[in-house]
Amino acid sequence: LDAIRRRRSVRRYTDRPVDDADVDELLRLALLAPTGGMAQAWSILVVREPERRAALAELIIRGGAEYFRLVRPAAAGTSPEEHAEWARGYARQALGTYPDVPVWILGLLVPRKVFPPEARALERDADVLSVGFMIENLMVAARAKGLGTVPTVFQWFVEDEFRALFGLPPEVEVPLLTPLGHPEEFPRGLPPALAAIRRPWRTLVHGDAWGNVRAGA
């Protein structure tokens with residue numbers, strides 16, 4: 001329970017190694033996550049080789065820049081080019097220690113084709129959820145060991161280069177990945193901009209039917 005409460009998204013890491021035994025234990029705990037029908041439509045790719053880690057970090061920083069360009073509003077009076085330049089600089093600043101991360105964990109979706117052909121879209125939804133459960137297990141267990149993680153989708157924006165780096169076959173997807181390492185420090189609380197928009201939990205809980213929220217009117 002304490003690890004769930006204290007888990008934070010860590011984006012600043014040291015280059016201190018992570019013990020092999022700790023990595024193996026986290027992988028086993030990740031793979032204890034629920035999976036519909038025991039399909040186990042997943043695999044984990046562990047990236048530790050230095051040159052491949054460095055290449056991955058650069059791709060994630062570049063993908064992060066594109067993500068920030070798309071989802072962060074541009075400052076008043078700035079051109080699209082200026083906003084894109086800001087996004088690249090922000091990604092370098094926010095994710096600048098990613099080349100130091102000693103381990104990267106890629107959650108892979110590996111279709112098992114358990115559902116009938118006409119329900120394959122539903123099967124993919126179930127498989128993506130299973131990968132999410134797996135990564136959540138890993139993140140909470142990592143926090144219990146004093147290790148940092150952050151769910152990451154920036155690979156979506158550099159898809160071709162990312163897939164080529166790891167030789168992924170066409171049917172294998174990567175819904176989520178995470179760095180795994182020792183944080184410079186664990187964040188305390190939320191950044192002010194995020195704290196301002198976080199909804200109180202009671203407003204998100206409905207009783208028995210939609211609209212019966214715990215917070216009342």
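E25 and K145 form a salt bridge, taken as a side-chain nitrogen of Lys or Arg within 4 Å of a carboxyl oxygen of Asp or Glu, with their closest N and O atoms 2.8 Å apart. E25 belongs to helix α2 and K145 to the loop between α5 and α6, so this pair ties together parts that are 120 residues apart in sequence. The structure is a predicted model, in which local features need pLDDT of at least 70 and side-chain atom pairs count only at pLDDT 80 or more, while totals for chains, interfaces and linings use all residues. Residues are numbered from 1 along each chain as its sequence is written, and side-chain values use heavy atoms, with hydrogens and water left out. Helices (H or I, at least four residues) and strands (E, at least two) are DSSP runs, numbered from the N terminus.

Side chains of opposite charge can pair when their charged atoms come close. In this model the count comes to 12 salt bridges. Residues are called buried under 20% relative accessible area, exposed over 50%, and partly exposed in between (1.4 Å probe, protein chains only). On this scale E25 is partly exposed, with a relative accessible area of 31%, and K145 is partly exposed at 34%. A further salt bridge links the side chains of E173 and R124, at 2.8 Å from N to O. Here E173 lies in strand β3 and R124 in helix α5, so the pair ties together parts that are 49 residues apart in sequence. E173 has a relative accessible area of 25% and is partly exposed; R124, at 39%, also counts as partly exposed. Salt bridges that share partners join D22, E25 and K145 into one network.

D2 is partly exposed at 45% relative accessible area, and R6 is partly exposed at 41%.

Helix α5 has 25 residues and reaches 36 Å from its first C-alpha to its last, close to the 36 Å expected at 1.5 Å a residue; the expected span is 1.5 Å times one less than the number of residues. Its buried residues are E123, D127, S130, V131, M134, I135, L138, M139, V140, A141, A142 and R143. The cover over these residues includes α1 (2-6), α2 (20-30), β1, β2 (103-109) and β3 (173-180). Just after α5, G146 takes a positive phi of about 80°.

The loop between α5 (120-144) and α6 (159-166) also holds T149. T149 is buried, with a relative accessible area of 1%. Contact is defined by heavy atoms within 4.5 Å. Neighbours within four places in sequence being left aside, T149 is in contact with R8, S9, V10, Y13, L138, M139, A142, T178, P179 and L180.

V46 is a residue of strand β1 (residues 42-47) and counts as partly exposed at 31% relative accessibility. V46 and V23 are separated by 23 residues in sequence and by 9.0 Å in space, C-alpha to C-alpha. Not counting residues up to four places away in sequence, V46 touches V23, L27, V103, W104 and I105.

Helix α4 (residues 80-94) comprises 15 residues and spans 21 Å from its first C-alpha to its last, close to the 21 Å expected at 1.5 Å a residue. H83, A84, A87, A91 and A94 are its buried residues. Viewed down the axis of α4, these buried residues fall within an arc of 100°, so they line one face of the helix; the arc is that of the directions from the helix axis to the C-beta atoms. The buried residues of α4 pack against α3 (50-71). On the other side of α4, E81 and Q93 are exposed.

Helix α3 contains V71, which is partly exposed at 43% relative accessibility. Together with L70, W156 and F157, V71 forms a nonpolar patch on the surface, with about 390 Å² of accessible area for the four residues together. Patches are made of residues with over 30% relative accessible area and no salt bridge, with like charges joined within 9 Å and nonpolar side chains (Val, Leu, Ile, Met, Phe, Trp, Tyr) within 5 Å. Accessible areas come from the Shrake-Rupley method with a 1.4 Å probe, and for residues only the protein chains shown count as cover.
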